[in-house]
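Here is a short note for someone opening this structure for the first time. Please keep the sequence and the 3D view side by side while reading.

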Amino acid sequence: MVQTHAILGNKSAETAQRTHWGRFKDRLSGYMEKNREKRLVAAMEKGNAARVLKLFEKISGENKGKAASWLVGEARFDFETTERIYGKAKEKDEFYTGLFVKAYTELDEKEKGWMWHEMSLELESMLGLARRCDVIDSALKNTARIYAAIGKVDMEVNHTKCWDAFVDIAYGKNGNSLATRMFALDALQASDYGYDKFWESIIACNGNGENHELARHGIKLLLKPDTKGSEELLLKKIDKVAERLVELSYSKDGDLNKKRMMEFIAGTLADGSEEQRLALLDALNESKKLGKGLMNPGMEAAVAKLLRSGDDAFVGGAVHFLHRMQWCPESVKKDLISLIGKRMETERIVKLLMHGRIHADEAEMIISAIFQKMKERKDVSAYARLYIFVQSLLTGENKKAGELTKIGMKRLVEKNDEFAKQMAKNMLLNAEQMLNVDEPGACSEGVKLLNVLEFTGKTEGIKKVVEKRLKERIEAMFESPEIEENVNAADILIVLSPVVDAKMIIAKIAIPELRDMAEDEGMSKENLMSIEGALHRLEKVMCDG
């Protein structure tokens, strides 16, 4: 009973009253929950499925779990209760769909016929609206889900009318949107619509717009775990679906069964016909993007099989694929090395090998294979190109490639391989020539080459020769009135400083000359900035040393 002072506006009393009311509600709620639990136990003991179903909506927690277990296990349903479950299934989650399937299967044949007739009429009406007006709501989605579930447990039912409607929508015969067409495909796949000609026409349709998206969706559905026979269908149309499969391989679609798809791609590359393998290889190599998921054991085995096939088209395609993926699996390294010199691109194979773990003996095999190819070359220009390639490996930005190439050459020289010794000698001559060119870029390449050829034991002599000539060259360059000549001279000194003693020349000639030039009042702003930059670089060399 409400107190008088609360009515008169006593705030503390009003607060107390609310607190009492809250406690009362909590106690009442607890009492009602216990009461429902008693009624639930009694209903389950009597086998009253309709009563349990009614209570199921009102209970929670452990009691709800007990009721769910009983409903899907021991419960038996009459026609009226089955209709109620059907109504719930159209509005609620998949629990009710599963419960409805159980209830439906327990009906007698006559009752099943009534139930199916009711469902079919309702779905046909909804589909007619979807087909004409492009309207899809949750009721249609849920009804289609129920329809599919019943179709899987009762093979006697007639799907024809509804299937025909779904097919018309999927084809977009009434100008249906992509979303509506995809929904129709979902429903057909869920209800085991297995007419191959239909699925072939969907996944292999022409076009890059909505039809392309629909085809990709169709492929995704065919790859679901519960869809059987999909691989045969995909193989049959591989020339049309290969590109779409590759696109799906790098998509971030969480509903896609990538495991099955990757197994299909790898299996086709390993065991498909010549046309099927080529179609898939072309799609992989022409795709604008490749997913990292393609680097898996199945693909590794498939690529190894292609590399060992002896067929130039497959071998070339496999090398190109690995090159694009920047992937060099352990199991194919020796296969790749064996291909050097066999009408393959040496540069591509060697760059590819650098993506893997190369050991000293393998580095020797690589360089030995390249040298062998060079020995056999009768085309002088091709020989020269290979020679430049080896030199570029030694002096390039890829330190790993340079180190491994050096190891390979060193081991061959130590084994008194005459060709390797001659190559090293030629490269030392190249290095000396580069070091004597009045251009910083050439000098830089010469320094790199000289450093990696130290194992020959013949670089010290070259350094002495270069150092002897350096002072005369630099003095001559600094005497030039051209700003560019002076800056070049400074940069050459900087480049050569790691291999020869250039610091004396920097301190006594270069820095004083450039400082004098910087003090020229008639100097343009651009030239002044160039000289100051060179001075800064020279001073840094002096400080670092």
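1. Helix H6 (residues 94-105) packs against helix H8 (residues 138-153) at an angle of about 40 degrees, and their axes are 10 Å apart. That angle makes H6 oblique to H8. The crossing of H6 past H8 is right-handed. Keep in mind that this is a predicted model.

2. Now the residues at this contact. From H6 come Glu 94, Thr 97, Phe 100, Val 101, Tyr 104 and Thr 105. They meet Arg 145, Ile 146, Ala 149, Ile 150 and Val 153 in H8. Sorted by class, the contact of H6 with H8 has seven nonpolar, two polar and two charged residues.

3. Is Phe 100 buried or exposed? Its relative accessibility is 0%, so Phe 100 counts as buried. Setting aside neighbours within four places in sequence, Phe 100 is in contact with Thr 82, Ile 85, Tyr 86, Met 115, Met 119, Ile 146 and Ile 150. Ile 146 and Ile 150 are also among the H8 residues that meet H6. Phe 100 and Ala 89 are eleven residues apart along the chain, and their C-alpha atoms are separated by 7.2 Å.

4. The axes of helix H18 (residues 312-325) and helix H20 (residues 346-353) come within 10 Å and cross at roughly 45 degrees. H18 and H20 are therefore oblique to each other. Here H18 passes H20 in a left-handed crossing. On the H18 side, Val 319, His 320, Leu 322 and His 323 make the contact. By class, the contact of H18 with H20 divides into four nonpolar, two polar and two charged residues.

5. Next, the salt bridges. How many salt bridges does the structure hold? There are 29 salt bridges. As background, side chains of opposite charge can pair when their charged atoms come close. The next points take up some examples.

6. Look at Glu 109 and Lys 112. They form a salt bridge, and the closest N and O atoms are 3.6 Å apart. Both residues lie in helix H7 (residues 109-133). Because they are three residues apart in H7, about one helical turn separates them. Glu 109 counts as exposed, at 59% relative accessibility. Lys 112 counts as buried, at 14% relative accessibility.

7. Lys 236 and Glu 200 form another salt bridge, with the closest N and O atoms 3.1 Å apart. Lys 236 lies in helix H13 (residues 230-236) and Glu 200 in helix H11 (residues 196-203), so the pair ties together parts that are 36 residues apart in sequence. What is the relative accessibility of Lys 236? The value is 54%, so Lys 236 counts as exposed. Glu 200 is buried, with a relative accessible area of 7%.

8. Two further entries complete the selection. Asp 168 forms a salt bridge with Lys 173, and the closest N and O atoms are 3.4 Å apart. Lys 173 counts as exposed, at 58% relative accessibility. Elsewhere, a network of salt bridges links Glu 330, Lys 333, Lys 334 and Glu 362.

9. Check the backbone at two loop residues. Asp 134 has a phi near 60 degrees, a positive value in a residue other than glycine. Asp 134 lies in the loop between H7 and H8. With a relative accessible area of 31%, Asp 134 is partly exposed. Asn 416 has a phi near 60 degrees, and this residue is other than glycine. Where is Asn 416 found? Asn 416 is in the loop between helix H23 (399-414) and helix H24 (418-435). Asn 416 is exposed, with a relative accessible area of 51%.

10. Last, find Glu 286. This residue is in helix H16 (residues 274-286). Glu 286 counts as exposed, at 66% relative accessibility. Glu 286 and Val 246 are 40 residues apart in sequence. In space, they are 9.7 Å apart, C-alpha to C-alpha.

Terms used. Residues are numbered from 1 along each chain as its sequence is written. This is a predicted model: local features need pLDDT of at least 70, side-chain atom pairs count only at pLDDT 80 or more; totals for chains, interfaces and linings use all residues. Side-chain values use heavy atoms; hydrogens and water are left out. Axes are lines fitted to C-alpha atoms, for helices over the stretch in contact, and angles run from 0 to 180 degrees between N-to-C directions. Helices (H or I, at least four residues) and strands (E, at least two) are DSSP runs, numbered from the N terminus. Angles under 35 degrees count as roughly parallel, over 145 as roughly antiparallel, 65 to 115 as roughly perpendicular and the rest as oblique. A crossing is left-handed if the near helix is turned anticlockwise from the far one by less than a right angle, and right-handed if clockwise. Contact means heavy atoms within 4.5 Å. Ala, Val, Leu, Ile, Met, Phe, Trp, Tyr, Cys and Pro count as nonpolar, Asp, Glu, Lys and Arg as charged, and the others, Gly among them, as polar. Buried means under 20% relative accessible area, exposed over 50%, partly exposed in between (1.4 Å probe, protein chains only). A salt bridge is a side-chain nitrogen of Lys or Arg within 4 Å of a carboxyl oxygen of Asp or Glu.
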